[in-house]
Amino acid sequence: MIPLLVNKTHPLPENYLDGVELVETENCCGKKAFVEKETFAAYRALKDALEKEGVGIWFGSNFRTIKQQIEIMKVLAEKYGEEYARKTAAPPGTSEHHTGMALDLAPLVDGEWITENMALMRPVELWEKVHRRLPEFGFILRYPKGKEEITGYGYEPWHIRYVGKELAQKVYDSGLCLEEYLGEQ
């Protein structure tokens, strides 16, 4: 798997989706969802392994079109203000969610799927369990704590990205974020 960097300064390449196979599924909210095929298989294996440890996860956010990203930016700006929207969400065309390989996890806490950003910051111990298992299934924590200046985003314990097992383990072991590991910022 060739590492793909998508961020505010590295937009998704044109025609990228021409070679991507998306799997149709359902997210934690019961809505139709799409995930890149290999990513979805790895996610299912991660989900199953975590369930054996008593940790329930699903995903709330998955593949997004540019049109959907525009709407998300609009909703965030209306709800929290323009500055928050710019800091929190990627401009259309620069979201990892456009790849089909990024997922925003929703943990199961007290019988409820948590999907709101502020609430997602609270289950610290749960995230520690999840993050330890990510490389084993080919995922990285995409926006780690302390890397905000490099990634351009605040810490998001829920946002994971599929990069394949080998690269995921190398990134995890290095303590670097994807931009640092790939040498691009």
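The lining of the largest pocket divides into 15 nonpolar, 13 polar and 9 charged residues. Here Ala, Val, Leu, Ile, Met, Phe, Trp, Tyr, Cys and Pro count as nonpolar, Asp, Glu, Lys and Arg as charged, and the others, Gly among them, as polar. You are looking at a predicted model, where local features need pLDDT of at least 70 and side-chain atom pairs count only at pLDDT 80 or more, while totals for chains, interfaces and linings use all residues. Residues are numbered from 1 along each chain as its sequence is written, and side-chain values use heavy atoms, with hydrogens and water left out.

**Stop 1: the largest pocket.** Select Gly60, Ser61, Arg64, Ile72 and Asp104, which lie nearest the centre among the 37 lining residues. A pocket is an open set of points on a 1 Å grid over the protein atoms alone, where a 1.4 Å probe fits, with protein on both sides within 12 Å along at least five of seven lines; lining residues have an atom within 4 Å of a point. This pocket's volume is about 1,000 Å³, a volume being the space filled by probe spheres set on the points. Now colour α2, which gives the most to this lining, with 8 residues. Helices (H or I, at least four residues) and strands (E, at least two) are DSSP runs, numbered from the N terminus.

**Stop 2: the second largest pocket.** This one holds about 220 Å³ of space. Show Leu141, Pro144, Val171, Tyr172 and Leu176, the closest to its centre of the 14 lining residues. Strand β6 supplies the largest share of this lining, 3 residues. By type, the lining residues are 10 nonpolar, 2 polar and 2 charged.

**Stop 3: Tyr155.** Find Tyr155 in the loop between α6 (148-151) and β7. Leaving aside residues up to four places away in sequence, Tyr155 touches Met121, His131, Leu141, Tyr143, Pro144, Lys145 and Glu148 (contact means heavy atoms within 4.5 Å).

**Stop 4: two helices.** Select residues 37-52 for α1 and 124-133 for α5: their axes come within 11 Å and cross at roughly 130 degrees. Axes are lines fitted to C-alpha atoms, for helices over the stretch in contact, and angles run from 0 to 180 degrees between N-to-C directions. The two helices are therefore oblique to each other (under 35 degrees is roughly parallel, over 145 roughly antiparallel, 65 to 115 roughly perpendicular and the rest oblique). Finally, show the side chains of Leu46, Ala49 and Leu50 in α1, which meet Lys129, Val130 and Arg133 in α5.
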